[in-house]
Amino acid sequence: MDPLGYLEVLDRRGRVVARHAVTGEAITVGRGYDNDLILDDPYVSPHHLAIVRTEDSILARDLDSDNGLFGTGRDRVPHLVLVSGLVFRIGQTELRYQAIGAAVAPTLKETRQHRDLLTVIGTAPRRRLIVLGALVLFATMYYQSSYEEVTRAEAIGGAFGGLVLLGLWAGAWAFAGRVVSQQFRFWMHLTWAALISALFLVTAIVTEYFEFMFSWSSLVGLLMGLVALALFGSGLFGHFGIVGTMPVRRQVAVTAWITAGVVAAMSMFALAAEDTFSNEIPWSGTLKPVGVSLLPKVTVEDFRRRSAALQEEVDGMVQP
Amino acid sequence: MRLRVALVAWALTCVAGPALAQQEPSSTADVFDRYSGRVVKIEVREAGSAAKAVTGSGFLVSDRGHLITNYHVISKLIHDPERYVAVAITEAGQTVPVRVLALDVVHDLAVIQGEVLVGSHFTLTEIAVAQGRRLYSMGHPYELGLTIAEGTFNGMLEHTRYERIHFTGPINPGMSGGPTITAGGEVVGINVATAGNEVSFLVPVRRALRLMEEVQAPGYRTPDDLLPLVQHQIDQHQEAYLGPLLAGDYDTVTMGPYRVPSKLAPYFNCWGDTTTDDDAPYSLVDHQCGTDDYIFISSDMESGVVRLWHRLLEGDQLNRFRFYSLYSDDFQMADRWFAGNEDEVTRFTCEDRTVRTSHLTLKAVFCVRGYRKLQGLYDAVIKAAVLGGTDVGLETSLVLSGVSFENALDIMARYLEALEWIR
């Protein structure tokens, strides 16, 4: 006989964990093994409920159970007329009746960005290549930025330290993915995190060189700040994509909100630092091995003139 | 031989002169007995709560209640006259309010007056004293009550900008502003500082004499606000002590392939050190010069400090990237922290450029902050790192405190030009 609808067993979060077709014939629900639908709920009686068809409706009837049948109200009821979408409860288990013609939610489309990501980091050889590349970059940076005695093993060890941190980060995302969409994509998250951190590192190095060469011209600073923000945003967007439950528009919105939050927090810190008194010299520039001929230079006289311009700023602070 | 005889004779007249005028006491106890009534304890108190903020010493120098003390004892009164009051407490226990009449910030002296203070007082005169002569320092160390300490006169300090007597004897906190006298009661100097281990310093009495002459000159009026006077005195003094720095004709020292300025002025002291750690793939050589003396402005601020520091870095076992990591980290760390609080100074602001001097290409940084109460005075830090080497570098920093903006800029320009590459 064709089903008229389905009786659905829901978990605590309202998700369907089991379905049983409702036909014209009576269905029994309970903890006993002789039922049509067996529930493992200790609050449910061995023979708790029957679903029967009457002339003009489908009825859920309490079989004189210990804990009873509950509809939308607070009191137990002897029976309920089932209409499509109605959620009711026996013991601690929620059940829902859905008629055969009930509407379902529109199909989620697999996002394009997700597919692109999958092609970039989707295959195992590529993932290996990216993670290895990042590892080599970290090790190189570790070695080149150290000036005490350091062995190659220490440099590689240092780089692995970075990788462990990335592993924890990727693990957290993978775990979240497991909870939200039942997909544990640790290696994808790790690859993505390694790729983004490597790009971050490269941006930081380029910024330092620009800072050294052009004495932090504000345009360079702004540009590099934007690149760093874009990387941060892409990182989040990518992780959300790999988790894979959000529609793209939502993904963009969430990423934008978080990025905006970070920008706001950073601006607040920067503003607070501006107002805070400190005895520290605020100069934090770096020196880089760049050929002297490549550097834009000023004369001592010119430097004196530029420094003289600070007086106005300082006097402004003296008399606010 | 003739010279020695002359010296002995001179020394004798110094000692014998006053002894003829009045019977010189024979023991420290006698000295204490005779002169303790002329020394007072000075307390600077918070006006509202009467809580003690600073204690020091002072001594009577006229029959109208004039007292000499150190500027640094009563400086809170100058910087925050609404918040603080000062009193003098006599040996007899009498507490008398005092007011400030005149200041010599550079030599750390002040004349104050407590109208009702009468009684015997010291008479200030210039006095020549021979090295080794026994002197007696009086004051209130650590609030332990009036104390007398014996010591010896050891001449004037050399290489200082401000005259200071080197006194070998214990001067402790709280004795500042008290007198150091001969057995005959002649004031030789005013207790001002100690380097510990009985190495102590006095302001020569003639500085106090000048200040008293100023106060007692007809028509002298104490300014209502003394802060501009402090500023004026520092400004005036600056011109004198910064002269050699502005002339730019510096003593130099060779560090690796560089020639760098060393003693910028006669009152500079220099010392050097090499860091050689066999395990480190680099070596550091330091050379530092500075002034030992400074002008006390307030408990958080001093002026007149000039300090320079060079560091030669050599890393022939490092590749150029690793060497520059060292160079960069070291350059960022150097001279980054200063004393000072928000009420007295602004924060620092900086300018940095790659600068081409006549001799070198440098990364130069000029940082400056302003004094809030003494307007027109600034602290400046000039830092530079020589560029172009792949395994050798030179960092330098010059710190100037309490100078005019113009002077800071002029000295910076001369200083940068004084760095040379010689091979």
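1. Among the elements that cover the buried residues of helix 4 of chain B are strand 3 (66-69), strand 5 (95-104), strand 6 (109-113), strand 11 (187-196) and strand 12 of chain B. The model is a predicted one, and the remarks below should be read with that in mind. The buried residues in question are B:Val205, B:Ala208 and B:Leu211, and because they cover an arc of only 120 degrees around the axis, they fall on the same side of helix 4 of chain B. The helix itself, residues 205-216, has 12 residues and reaches 16 Å from its first C-alpha to its last, close to the 16 Å expected at 1.5 Å a residue.

2. The contact between the chains draws 39 residues from chain A and 58 residues from chain B. On the side of chain A that touches chain B, the elements giving two or more residues are strand 11 (298-299), helix 7 (300-308) and helix 8 (310-318) of chain A, and helix 8 of chain A supplies the largest share, seven residues. Sorted by class, this side of chain A holds 18 nonpolar, 12 polar and nine charged residues.

3. A sheet that takes strands from both chains deserves a separate remark: it is open, has eight strands in the order 11(A)-20(B)-21(B)-22(B)-23(B)-19(B)-16(B)-15(B), and shows mixed pairing. Strand 11 of chain A and strand 15 (269-275) of chain B stand at its edges, each with a single partner strand, so one side of each is left without a neighbour in the sheet. Strand 11 of chain A runs parallel to strand 20 (residues 349-356) of chain B and is joined to that strand by two bridges, with A:Val298 opposite B:Val355. Strand 20 of chain B in turn pairs with strand 21 (residues 361-370) of chain B in the antiparallel sense over eight bridges, where B:Cys350 stands opposite B:Cys367.

4. As for the nonpolar cores, the largest has 119 residues, and those with the most contacts inside it are B:Ile74, B:Ala380 and B:Leu416. Leaving aside residues up to four places away in sequence, B:Ala380 touches B:Phe366, B:Cys367, B:Val368, B:Leu400, B:Val403 and B:Ala408. Another core, of 24 residues, lies apart from the largest one and includes A:Ala139, A:Ala159, A:Trp192 and A:Ala193.

5. Chain A has an open sheet of five strands in the order 2-1-10-9-7, with antiparallel pairing. Its edges are strand 2 (16-22) and strand 7 (69-70) of chain A, each with a single partner strand, so one side of each is left without a neighbour in the sheet. Strand 1 (residues 5-10) of chain A pairs with strand 2 of chain A in the antiparallel sense over six bridges, and in that pairing A:Arg19 is the bridge partner of A:Glu8.

Technical notes:
Residues numbered from 1 in each chain as written. Chains lettered and ligands numbered in written order. Predicted model: local features only at pLDDT ≥ 70, side-chain atom pairs only at ≥ 80, totals over all residues. Contact = placed C-beta atoms within 7 Å. Helix = DSSP H or I, 4+ residues; strand = E, 2+ residues; numbered from the N terminus. Nonpolar A, V, L, I, M, F, W, Y, C, P; charged D, E, K, R; others polar. Pairing = 2+ DSSP bridges. Expected span 1.5 Å × (residues − 1). Buried ≥ 20, exposed ≤ 12 C-beta atoms within 10 Å, placed from the backbone. Arc of directions from axis to C-beta. Core = buried A, V, L, I, M, F, W, Y, C linked by C-beta atoms within 7 Å.
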